[in-house]
Amino acid sequence: MRDKIRALQNQSSRLEPSPDQRREMADLTWASTESMFARAATARTYDPDPGRQGLDASLITEDPVPLEALLREFDEEVDSAGIRLTTGGHLGYIPGGGVYPAALGDYLAACSNRYSGVAFACPGAAEMEHALVRWMCNLAGYPKQAGGDLTSGGSAATLSALVAARDAHGIDHETIPQACLYLTDQAHHCIGSALHVAGLSAVQRRIVPMDSRHRMDTTFLRRLVESDRASGRKPWLVIGSAGTTDTGAVDTAGQLADICSEYGLWFHLDAAYGGFFLLCEEGRAVLGEVQRADSIVMDPHKGLGLPFGSGAVLVRNRRHLADSYRYYADYMQDAIRSERDEDAPYSPADYSLELSRHFRGPRMWLPLRLFGLKPFRAALAEKMWLARYFHREVGKLPGFEAGPSPDLSIATFRYLPRDGDAESSNRRLLKAIHDDGQVFITSTRLNGQFTLRMAALSFRTHLEHIDYLLELLINKAAALN
Ligand SMILES: *Cc1c(COP(=O)(O)O)cnc(C)c1O
């Protein structure tokens, strides 16, 4: 038996490379990412079809493959087709980031593979995540009893928040049919899926009309809440936006909070896109009284420029998250956890559905501390000014109509041809911009109209990208006729 085990060990120990092998692997990977960054200087942001072989399960076999070949495969098959995030030209949807030290943070997290779910397993890891959650709570202006959790993204964070809102208000199988929630039709679609997953599909959804700047009309909100109360229903939840995905519109958090406290509703604020604009003065002036929300979702992988895989849920009173998520198992009896002792150190697992999870702290901790906050504040203010600049300039272009002045860093606009159908002109214009590929924008439908939009959020997006887009719009619009 010992011989058998030794023979297996001989094979399995290949999973632990020697220091020299590790060095070589790291050097090769570093060289590969450096050439990726160098390529980005001239690469198109969007390329639907640069010619790929495709990846499939047959590639995973018994045989080892040299790292050089795999890095080449990554370049050719992955860092090729679609939207490139290593350039600043991504102005579509809500652009992501990818600050370099975040990759090093992930590297540290993965090498140490410290378990961050329970403080007992790694006090430092849990503390790091707690510090990041606290920092975001402070940024939002939340009180001491606030808390939260680092999640994989905004959708997971939204699910967490809505489950806490459900439990805090005792929404169960009996009360669901009477429960009412209020949102606009600009609310992000992850809210619909969170409601579904949380067993809340049957809740009455009231679509509140918006003003001309796509913000929730609070007069209508009050009217809807009152009429639901009058007919014996149970108004439960208002979902406001601190930056909608479509237009970047920011609801007036203070007014929503007034109505929520008057009628005893949970106020959830979706700040997945807009939350980190709290870091700059321009953003704070727009976002208003976010601290009055009962729960807030923010995405560090958006405004903070982290790579994908970082969201956050914050609740004004962390007890609400703990009440929904804290569970206990006998096999964990050695771990000191906060369900037994309110003074026990913060354990992410007490505030989350997840138990074993990515150690998400270092990817955020490292960039924030290494750079300090100043460049992040500047990057966000820069994006707001870029959107204002684009809005001003596109409005001056012959034949173009600018949408409402941007609240944050998204601007909408349309091309209005002298004759012919506006929708088909805008579609053709968008196609021409995609064919060029140097910058990437997207479209949406607003008030029934096909509308173009540009969203500046990547830390890599600067004035030259916006100027390039403006130039491109002039040239491609001229070529339409
Ligand atoms: C991106 C976004 C979400 C969803 O977040 P993910 O991180 O993509 O899961 C929710 N709400 C708004 C306003 C967003 O912009």
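A: Helix H2 gives the most to the lining of the largest pocket, with seven residues; helices (H or I, at least four residues) and strands (E, at least two) are DSSP runs, numbered from the N terminus. This is a predicted model, in which local features need pLDDT of at least 70 and side-chain atom pairs count only at pLDDT 80 or more, while totals for chains, interfaces and linings use all residues. Residues are numbered from 1 along each chain as its sequence is written, and side-chain values use heavy atoms, with hydrogens and water left out.

A pocket here is, on a 1 Å grid over the protein atoms alone, an open set of points where a 1.4 Å probe fits, with protein on both sides within 12 Å along at least five of seven lines, and its lining residues have an atom within 4 Å of a point. The largest pocket holds about 1100 Å³ of space, a volume being the space filled by probe spheres set on the points, which are joined across faces, edges and corners. Its lining comprises 36 residues, with Thr33, Met36, Phe37, Phe74 and Ala103 nearest the centre. Two or more lining residues come from each of helix H2 (19-40), helix H3 (67-78), strand S2 (82-83) and helix H4 (100-112). By class, this lining has 21 nonpolar, 10 polar and five charged residues, where Ala, Val, Leu, Ile, Met, Phe, Trp, Tyr, Cys and Pro count as nonpolar, Asp, Glu, Lys and Arg as charged, and the others, Gly among them, as polar.
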